[in-house]
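Dear colleague,

I am passing on the structure we spoke of, and my notes on it follow below. Please read them with the coordinates open beside you.

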Amino acid sequence: MYAHIDGILSEKSADALVIDCGGVGYLLQVSGQTLSHAPSVGERMKCYTVLSVREDAMELFGFYAKEEKVMYEKLRSVSGIGPRTALGILSALSIRDLSIALVTGDAGALARAPGVGKKTAQRLVLELRDKVENQELVGADAAYTPAMSPTDGAAGEAIEALMALGYASSEAAKAVSKVAGQSDNSGELIRLALKGMGS
């Protein structure tokens, strides 16, 4: 019903934003990621939205990027993952880290998110592993994160390069995640990842 809302940020709390659009204040439930991307009160902001309709409530959920909205919808497609749990997962992990955890089967990383136990984490991996897009793996946050570290960028570039060489996204992500802390140079990470894969 609402694809996005573009207006003036009028209120900000620990888990919600109010965006004034044409004199109407829209209350958006948001993740920590979206909250961290929100400007100061009084400045303009665009949020992509999902409307949730239940018997007892109608709620709008807001996302700073289309990629976050898409990932939220993927999380919600998994049985047992409600709106709050999905937001909690997006608050605990960046889109890129979440995507890598899914394709590498790192249920432990997923289980650290609030409301996600071991069994739920394993179900997330099982159902979403093959639904992660390449863009999510290489860092969908890059265009929206002004203080993104060089290591994140190099790791993303290395994963992208390995996929261009023909490796599956999950294989590339797993190989790079193993060596990500060893260098902030994408070329060196590619070399180390290939070495780790026995190439």
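Accessible areas here come from the Shrake-Rupley method with a 1.4 Å probe. On that basis the chain exposes about 9900 Å², of which carbon and sulfur atoms supply 49%. Please bear in mind that this is a predicted model, and that the values below are computed from it.

As for the chain overall, ten helices and five strands are found in it, and 47% of its 199 residues count as buried.

Turning to the strands, β1 (residues 4–12) pairs with two others. With β2 (residues 16–21) it runs antiparallel, the two being joined by four bridges, and together they form a hairpin that has three residues between the strands; within this pairing, I8 stands opposite D20 of β2. Strand β1 also runs antiparallel to β4 (residues 44–53), to which five bridges join it, and here I5 has C47 of β4 as its bridge partner.

The other element I looked at is helix α10, which spans residues 186–196 and in which S186, L189, I190, L192, A193 and L194 are buried. Its N-terminal end is capped by N185, a side-chain oxygen of which lies 2.9 Å from the backbone nitrogen of G187, while after the helix comes G198, with a positive phi near 85 degrees.

With kind regards

Methods
Residues are numbered from 1 along each chain as its sequence is written. This is a predicted model: local features need pLDDT of at least 70, side-chain atom pairs count only at pLDDT 80 or more; totals for chains, interfaces and linings use all residues. Side-chain values use heavy atoms; hydrogens and water are left out. Two strands pair if DSSP finds at least two bridges between them. Buried means under 20% relative accessible area, exposed over 50%, partly exposed in between (1.4 Å probe, protein chains only). A polar contact is a pair of N or O atoms within 3.5 Å; within protein, one must be able to donate a hydrogen and the other to accept it, and residues adjacent in sequence count only if both atoms are side-chain atoms.
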